[in-house]
Amino acid sequence: MKKLMAWSAFLGGSFLAAALGLVIYLGMNGAAVSADVGAAAVLAGPSGSGEQPKEETLQAASDQTTKTYERIVVLDVEASDELTGPEKEALYRIEKKCGELLEREGILTYGVSETDKEAGTDEKLTLVEETNASLYLGLMFDKDEDKELFGSYVCYNSLYFRPWLTNGSFADRMERSVVTAIEGRALGLVEVEEGILQEMSIPAAIVCPGYLSHEKEGKLLLTESYQDRIAEGICSGVIETFKELE
């Protein structure tokens, strides 16, 4: 009986030792396999074709952001035949100044007058589409039989609508920005039901900073210092609009 017990104890101890050895062996090989797999994953990267350098990854993300949303504005001078040469030049100077100020802020601009001063509605719409513009902004001066009428206003069309930005809110911001910059008189918003604004599928407005027919305001509109202030007001409104969109 004692021999049987001793033999059983011997077999049990041998089995336990063998089992323990097997566990240790599997554990060591498992760690080696895990290390090999981890190393392979690092070498392969997310796509399995080699790890992408950090700088390239950031650049790719930046490019994707740029493709998703572009800060582009089309500027359009509404220079009617009723305006004289100096009056038209004053509008073109405001357009140019706006372009310079906006591009300093990283906002790309396209001037309709740069491509074709006689461009019609179809050509302007094509420019907006081809440039993937985010905003359209027209510039104009007004004249009236009432020589006492003066002040600024902005035209818009209510057809275009986004939950976070309507043409009305865009026009209102532009008017407030311009009037603040020139310390002028706000005449309010003018809703139009015809013309290029009705054809736009992006936020669009036409800014009229004043009346050439008013003796004092007419002279101010033709001075470079006043034109600079108008441009600064326009740019301020555009920048705030992009902040809202983004």
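**View 1. T131 is found in the loop between α5 and β3, where helices (H or I, at least four residues) and strands (E, at least two) are DSSP runs, numbered from the N terminus.** The close-up is taken from a predicted model, in which local features need pLDDT of at least 70 and side-chain atom pairs count only at pLDDT 80 or more, while totals for chains, interfaces and linings use all residues. Residues are numbered from 1 along each chain as its sequence is written, and side-chain values use heavy atoms, with hydrogens and water left out. T131 is buried, at a relative accessible area of 11% (buried means under 20% relative accessible area, exposed over 50% and partly exposed in between, with a 1.4 Å probe and protein chains only). When residues up to four places away in sequence are not counted, T131 touches I72, V74 and Y110, contact being defined as heavy atoms within 4.5 Å. The C-alpha atoms of T131 and V74 are 8.4 Å apart in space, although the two residues are 57 residues apart in sequence. N132 is found in the loop between α5 (121-130) and β3 as well, and N132 has a positive phi of about 55° although it is not a glycine. Most residues other than glycine have a negative phi.

**View 2. G111 is found in strand β2, which comprises residues 108-111.** With 6% relative accessibility, G111 counts as buried. Leaving out residues up to four places away in sequence, G111 touches L75 and E95. G111 and K124 are 13 residues apart in sequence, and their C-alpha atoms lie 9.9 Å apart in space.

**View 3. Helix α3 (residues 85-104) and α8 have axes that come within 9 Å and cross at roughly 45°.** That angle makes α3 oblique to α8; angles under 35 degrees count as roughly parallel, over 145 as roughly antiparallel, 65 to 115 as roughly perpendicular and the rest as oblique. The axes are lines fitted to C-alpha atoms, for helices over the stretch in contact, and the angles run from 0 to 180 degrees between N-to-C directions. α3 passes α8 in a right-handed crossing (right-handed if the near helix is turned clockwise from the far one by less than a right angle, left-handed if anticlockwise). On the α3 side, A90, R93, I94, K97, C98, L101 and L102 take part in this packing, and they meet residues of α8 including E224, Q227, I230, I234, C235 and V238. The buried residues of α3 include E87, A90, L91, I94, C98, L101 and L102. The 20 residues of α3 should span 28 Å at 1.5 Å a residue, and the end C-alpha atoms are 29 Å apart, which agrees; the expected span is 1.5 Å times one less than the number of residues in the helix. α3 is followed by G106, whose phi is positive, near 80°.

**View 4. α6 and α8 pack at an angle of about 145°, with their axes 8 Å apart.** Here too the crossing is right-handed as α6 passes α8. From α6, F170, R173, M174, S177, V178, A181 and I182 meet residues of α8, among them Y226, I230, G233, I234, G237 and T241. Buried residues of α6 include N167, F170, M174, V178 and I182, and what covers the buried residues of α6 includes β3 (135-139), β4 (152-156), β6 (165-166), β7 (186-191), β8 (204-208) and α8 (224-245). The 16 residues of α6 (residues 167-182) should span 22 Å at 1.5 Å a residue, in agreement with end C-alpha atoms that are 23 Å apart.

**View 5. E183 lies in the loop between α6 and β7.** E183 follows α6, and has a positive phi of about 55° although it is not a glycine. E183 is exposed, with a relative accessible area of 68%.

**View 6. C98 and C155 are shown with their closest cysteine sulfurs, in C235 and C208.** A search of the whole structure finds zero disulfides, a disulfide being a pair of cysteine sulfur atoms within 2.5 Å. The sulfur of C98 is 4.4 Å from that of C235, too far for a bond, and C98 is buried, at a relative accessible area of 0%. The sulfur of C155 is 7.3 Å from that of C208, also too far for a bond, and C155, at 9% relative accessibility, counts as buried.
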